[in-house]
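Colleague: I would like to learn how to read a few side-chain features in a model. Please take them one at a time.

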Amino acid sequence: MEIAVIALILAILLGAFVLIPRHGKSAHKNKVKSTVDNFKVSKSYSKSEVNLHNKRTDCWIIIKDKVYDVTSYVEEHPGGDAILAHAGDDSTEGFFGPQHATRVFDMIDDFYIGDLQK
């Protein structure tokens, strides 16, 4: 009887260990973000600064005057190299195109690094 109770307790603990999600980092969240007490510190970038980041291995884009470092997402982008068409430049029009599902609006915040200088 004691062995059955111990086995049941171990099974419950093992099940909880397997089923409880761990807080691992996804591939596109591995980049370093500037934070102070969990608040994002906004940095400003000039258009010429953003223009320097225009390749597959260093890809920044501008969407509605906000700057995003999407380098880690380039290879995952379902539209292939389309994301590179506006690397280092304004991608607002393409981003809000009909090809994107609504989930991209939630995803993009993970790549935010600052605002475009006016």
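Colleague: Which residues form a nonpolar patch on the surface?

Modeller: This is a predicted model, in which local features need pLDDT of at least 70 and side-chain atom pairs count only at pLDDT 80 or more, while totals for chains, interfaces and linings use all residues. Residues are numbered from 1 along each chain as its sequence is written, and side-chain values use heavy atoms, with hydrogens and water left out. Patch residues have over 30% relative accessible area and no salt bridge, and nonpolar side chains (Val, Leu, Ile, Met, Phe, Trp, Tyr) are joined within 5 Å. A salt bridge puts a side-chain nitrogen of Lys or Arg within 4 Å of a carboxyl oxygen of Asp or Glu. Here the patch consists of Met-1, Val-5 and Ile-9, with about 350 Å² of accessible area together (Shrake-Rupley, 1.4 Å probe).

Colleague: Where does Val-5 lie?

Modeller: Val-5 belongs to helix 1, residues 2-19; helices are DSSP runs of H or I with at least four residues, strands are E runs of at least two, and both are numbered from the N terminus. With a relative accessible area of 42%, Val-5 is partly exposed; buried means under 20%, exposed over 50%, and partly exposed in between.

Colleague: How many aromatic pairs does the structure hold?

Modeller: Rings of Phe, Tyr and Trp (its six-membered ring) pair if their centres lie within 6.5 Å; planes under 30 degrees apart are stacked, over 60 edge-to-face, the rest tilted. The structure holds six such pairs. In one of them, the ring centres of Phe-95 and Phe-96 are 5.0 Å apart and the planes stand at 90°, so the pair is edge-to-face. Phe-95 also pairs with Phe-105, with centres 5.4 Å apart and planes at 85°, so this pair is edge-to-face too. Phe-95 lies in helix 3 (residues 92-95) and Phe-105 in helix 4 (residues 103-107), so the pair ties together parts 10 residues apart in sequence. Phe-95, Phe-96 and Phe-105 form one aromatic cluster.

Colleague: Is Phe-95 buried or exposed?

Modeller: Phe-95 is buried, at 9% relative accessible area, whereas Phe-96 is partly exposed at 39% and Phe-105 is partly exposed at 35%.

Colleague: Which residues have the most contacts inside the largest nonpolar core?

Modeller: A nonpolar core is a set of buried Ala, Val, Leu, Ile, Met, Phe, Trp, Tyr and Cys residues joined through side-chain atoms within 4.5 Å. The largest has 15 residues, and those with the most contacts inside it are Cys-59, Ile-61, Ile-63, Tyr-68, Val-70, Ile-108 and Phe-111. Strand 5 (58-63) and helix 4 are the elements that give two or more residues to this core.

Note on methods. Buried means under 20% relative accessible area, exposed over 50%, partly exposed in between (1.4 Å probe, protein chains only). Patches are made of residues with over 30% relative accessible area and no salt bridge: like charges are joined within 9 Å, nonpolar side chains (Val, Leu, Ile, Met, Phe, Trp, Tyr) within 5 Å.
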